[in-house]
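This report looks at side-chain packing and charge pairing in a predicted model. The sequence and structure are shown here for reference.

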Amino acid sequence: MKIELSIDYRTNWGEVVTAEFDIRRAKGANLKRSFLLETQDGVLWSGEVNLNVKDAIGFTYYYNIKKNDIVVRQGWMGAPRSFHYDEQKT
């Protein structure tokens with residue numbers, strides 16, 4: 001499943017934006033994956049994520065702001081971004 005992400009977020013010098021995925025599986029333990037987003041101007045962050053997980057049934061994602069691989073801010077978790085997993089969709 002291909003997911004295209006884009007977020008406007010003004011970071012401080014040295015910070016990066018990551019998309020954090022919690023992937024629910026039909027069998028076995030859930031998976032966590034982190035993807036670094038890219039920016040040209042330090043404001044618009046975007047990326048394309050390929051979630052190819054055998055027996056995945058759904059996923060939730062959120063954004064983190066990191067500096068030196070340490071989370072300095074986390075995206076709002078009040079309304080989770082949860083989706084059904086479908087290999088045929090973008």
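## Charged pairs

E4 counts as exposed, because its relative accessibility of 53% is over the 50% cut-off. Its side chain meets that of K2 in a salt bridge, with an N to O distance of 3.9 Å, and K2 itself counts as partly exposed at 28% relative accessibility. The side chain of K2 also meets that of E48 in a salt bridge, again given as 3.9 Å from N to O; since K2 lies in strand β1 and E48 in strand β5, this pair ties together parts that are 46 residues apart in sequence.

The structure holds six salt bridges, one of which joins E20 and K66, whose closest N and O atoms are 3.5 Å apart. E20 lies in strand β2 and K66 in strand β6, so this pair ties together parts that are 46 residues apart in sequence, and both E20 and K66 are buried. Through shared partners, salt bridges join K2, E4 and E48 into one network.

## Nonpolar core

The largest nonpolar core has 19 residues, and those with the most contacts inside it include I3, F21, L51 and F59. Two or more residues come from each of β1, β2, β5 and β6, with β6 giving the most, namely five residues. Leaving aside residues up to four places away in sequence, L51 touches M1, I3, F21, I23, F35, F59 and Y85.

## Aromatic pairs

The count comes to six aromatic pairs. The ring centres of F21 and F59 are 5.7 Å apart and their planes stand at 45°, so the pair is tilted; it links F21 in strand β2 with F59 in strand β6, 38 residues apart, and both residues are buried. Ring pairs link F21, F35, F59, Y61, Y63 and F83 into a cluster.

How values were computed. Residues numbered from 1 in each chain as written. Predicted model: local features only at pLDDT ≥ 70, side-chain atom pairs only at ≥ 80, totals over all residues. Heavy atoms only, no water. Core = buried A, V, L, I, M, F, W, Y, C linked by side-chain atoms within 4.5 Å. Buried < 20%, exposed > 50% of the residue type's maximum accessible area, 1.4 Å probe, protein only. Helix = DSSP H or I, 4+ residues; strand = E, 2+ residues; numbered from the N terminus. Contact = heavy atoms within 4.5 Å. Phe/Tyr/Trp six-rings, centres within 6.5 Å; stacked < 30°, edge-to-face > 60°. Salt bridge = Lys/Arg side-chain N within 4 Å of Asp/Glu carboxyl O.
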